[in-house]
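Let's take a friendly walk through a protein model. Keep the sequence and the 3D view open while you read.

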Amino acid sequence: MPEPNGAPRRRDERSRVQGASMRDSSGRDGPVFGALDLGTNNCRLLIARPARAGFRVVDSFSRIVRLGEGLSRTGRLDEAAMDRAYDALALCAERVVRRGVDSARLNAVATQACRQAENGQEFIDRVRRGTGLKLRIIDPVEEARLSVEGCINLFDPKAEAVLVIDVGGGSTELSWLRKSGAEMKTVAWMSAPLGVVTLAERHPEPAGAGAAWYEAMVGDMSAALSAGSFDDAEFRRLFATGQGHLVGTSGAITSLAGVHLNLRRYQRDRVDGLWMTRAECDAAAEKLKALGPKGRAAEACIGPDRADLVLAGAAILDAVQRAWPSERVRVADRGLREGMLLQQMREARKPQRRRRGRGRGGQTAGAAAPET
């Protein structure tokens, strides 16, 4: 089987959790699990093995495919975009086979682009016939829940409230959580029909773009938030008194963090879990505006594939920060795929019913989130 031409390692490392691997009764390493996320902008695969501290990454793949390019104008997936996504998915299928991921332990999902497109299911069927991958189109509530599960280990244990923002290519999922006893529980969520691709297409960057162009993107997202946002006096009080904070997960937000840190190459260990103040977020956005398209493309943490999208991501975060003022935002280089893996591993650890003539299968263990 040919070696897949995957993404550069700086973008191909996700949630590498340390810890001893979990072994079965024979002393062998436990089975591998896979999580595949086909989004509006990216195709991403994570293969991992359970560990006592969460999981250990075995293989990963990430490629920008822009499946949703032009979707907001036509309502359909473009042929060239589908071809790009199909090629990336074929490489993912090769990795899944090579790593020995059983089909029962592979969770493959598609999100906003395939949800929205008239021909989304047709593309899913094409992928199944051609690659054997059985993608499942998930709804926004499941997407939000899984993203929260992937980020939960980054919540400040002293916080009373957390707002998780998952900025995608075609939509943005927001989840409001409040402390109940020792746990954080989701009290509300929403899916705004704007992501970095849709917002950038709606507001093409003009020559010599100034504050008005950026403010138009912020205003568009603010309007989407006002149309369906959660509003609760107690939650706002917790945020106003510094007892709540934001968690931001997306390539746009991690890129913003890399620019803030002046990284010469992307370093996940410095970005994932980073705390940024509101002023630092604003300063990073201002730097991106000043760089212009060519300057952003030359930035190691952005590159040409994200140069026209990263400010749309900054505008989405800015709109949320204006709606829910918080001095702190924690950057998450983790999310949906990690949430899918943790959910699968938790289910696999549950004791199985005793079968006639056989002993009890499975292991009993609590679900563990990735270490920070």
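## Around Thr 40

Is Thr 40 buried or exposed? Its relative accessibility is 4%, and buried means under 20%, so Thr 40 counts as buried.

Two packed helices are described by the angle between their axes and the distance between the axes. Helix 9 (residues 251-260) and helix 12 (residues 310-323) meet at about 95°, and their axes are 8 Å apart. Angles of 65 to 115 degrees count as roughly perpendicular, so helix 9 and helix 12 are roughly perpendicular to each other. The table shows who makes the contact.

| Helix | Residues in the contact |
|---|---|
| Helix 9 | Ala 252, Ile 253, Ser 255, Leu 256 |
| Helix 12 | Val 310, Gly 313, Ala 314, Leu 317 |

Of the residues in this contact, six are nonpolar, two are polar and none is charged.

## How confident is the model?

The protein chain has a mean pLDDT of 86, with 87% of its residues at 70 or more. Residues 1-27 stay under 50, and residues 355-372 are also below 50. Where pLDDT is low, the predicted coordinates should not be read in detail.

Methods: Residues are numbered from 1 along each chain as its sequence is written. This is a predicted model: local features need pLDDT of at least 70, side-chain atom pairs count only at pLDDT 80 or more; totals for chains, interfaces and linings use all residues. Side-chain values use heavy atoms; hydrogens and water are left out. pLDDT is the predictor's confidence in each residue, from 0 to 100. Contact means heavy atoms within 4.5 Å. Axes are lines fitted to C-alpha atoms, for helices over the stretch in contact, and angles run from 0 to 180 degrees between N-to-C directions. Helices (H or I, at least four residues) and strands (E, at least two) are DSSP runs, numbered from the N terminus. Angles under 35 degrees count as roughly parallel, over 145 as roughly antiparallel, 65 to 115 as roughly perpendicular and the rest as oblique. Ala, Val, Leu, Ile, Met, Phe, Trp, Tyr, Cys and Pro count as nonpolar, Asp, Glu, Lys and Arg as charged, and the others, Gly among them, as polar. Buried means under 20% relative accessible area, exposed over 50%, partly exposed in between (1.4 Å probe, protein chains only).
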